[in-house]
Amino acid sequence: MMGVKRLLGLATQWLLARVLRYDLMLLTIVMCLITVGFITLFSAGYSFPWRIEDQMRNIIVALTAMFIVSFVPIRWVRKVSVAAFAAGCLLLLATELVGVTVKGATRWLDIGVRIQPSEIMKLAVPMMLAWYYWKRAEQTVWWDHLLALAILSVPVAFILKQQVVGTAILVSIAGLAVIFFAGINAKLVTACCAIGIALMPLLWTMLHDYQRERILTLIDPTLDPLGKGFHTLQALIAIGSGGLSGKGWMEGTHLDFIPERTSDFIFAVFGEEFGFVGGVLLLILYLSLIARSFYIAAHARSRYARLLAAAIGVIFFTYSFVNIGMVSGILPVVGVPLPFMSYGGTALLILGICTGILLSISVDAKD
């Protein structure tokens, strides 16, 4: 009995010591974003009370996952990288075979709870690529980058087949970030960019009609104000009506006209209720989150930790930039949530795990 008590006491001391070495700035920023997000969603979701309840559960699950992962040494995370990537690919394959079809797209898998496997790859891909470059250590040569691109192309091809363009973009950027930070030659990057620009006319012909319409609507939303341009126009009206200081919490008058106001377009609700000042403060929070992620990456002790932390920083940046740009009318409308604010289970869980990994890296850097 005394042995069990002593063991529990030692475990408690270890956990407490680890918590005290957390990067408190990162943790504070994330908790602020979650709080602001729930306050905004509470206002946006008055017509969907079940979504408010679901989001409370989602937040609890995400925070639980974040703290559990933060207690896991980063070397253990490295050891499961290949298994996580393989499991994610198998889930994508299972989605193709027995997935749930909603609104004409098969993107979800029912395993007792409904999950979107493509969301998992946002983290599994950079984990896998960071592991690969760690394994190659100082022996990295030019063809390693080609092999890394081949690894990246497998999940991206699956995701594109499921017509989840926004997620495919995020997964691609997360993977390319690892390749870039691994030290790819600048000339090769320039060559790839030139090839990409040259292939744009071909890529245009490969896009679906609805994807072309989104791009054309971006240029001029008034071309189809009641159709493809409706989302952007209503979001801009809501943000503009907020003025300098906003209309106040729960005082938004355009909520019924903002599509997907609890998920992809929650920033429009925030902009109307908290105005320009609130928007600037929110942007500062996101910039602080991204900057802190790169700070942790810069002080990480291993190549794997540095590459993964930097990729997570890029994930936070891409999420924020694409979502706010989409809602503000400077980017096409794609299904990308606003980090820690938009309604959603799988996406919030992955973001929580990302934060847990950053906390774990910050603790290991202080050992």
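Among contacts (heavy atoms within 4.5 Å) in the protein chain between residues at least 6 apart in sequence, 73% join residues at least 24 apart. The structure is a predicted model, in which local features need pLDDT of at least 70 and side-chain atom pairs count only at pLDDT 80 or more, while totals for chains, interfaces and linings use all residues. Residues are numbered from 1 along each chain as its sequence is written, and side-chain values use heavy atoms, with hydrogens and water left out.

The protein chain has 15 helices and 3 strands; these are DSSP runs numbered from the N terminus, helices being H or I of at least four residues and strands E of at least two. Of the 367 residues in the protein chain, 46% are buried, a term for under 20% relative accessible area with a 1.4 Å probe and protein chains only, whereas exposed means over 50% and partly exposed lies in between.

**Packing of H8 and H14**

Two packed helices are described by the angle between their axes and the distance between the axes. Helix H8 (residues 165-181) packs with helix H14 (residues 303-327) at an angle of about 140°, and their axes are 9 Å apart. Axes are lines fitted to C-alpha atoms, for helices over the stretch in contact, and angles run from 0 to 180 degrees between N-to-C directions. From H8, residues including Leu 170, Ile 173 and Phe 181 meet residues of H14, among them Leu 307, Val 314 and Tyr 319. The residues of this contact of H8 with H14 divide into 12 nonpolar, 1 polar and no charged; Ala, Val, Leu, Ile, Met, Phe, Trp, Tyr, Cys and Pro count as nonpolar, Asp, Glu, Lys and Arg as charged, and the others, Gly among them, as polar.

Val 314, placed in helix H14, is buried, with a relative accessible area of 12%. Leaving aside neighbours within four places in sequence, Val 314 is in contact with Ile 173, Ala 177, Phe 181 and Phe 294. Val 314 and Leu 176 are 138 residues apart in sequence, yet 9.8 Å apart in space, C-alpha to C-alpha.

**Charges over rings**

A charge sits over a ring if NZ of Lys or CZ of Arg is within 6 Å of the ring centre and within 35 degrees of the ring normal.

| Charged residue | Ring | Distance from ring centre |
|---|---|---|
| Arg 78 | Trp 134 | 4.0 Å |
| Arg 292 | Tyr 295 | 4.2 Å |
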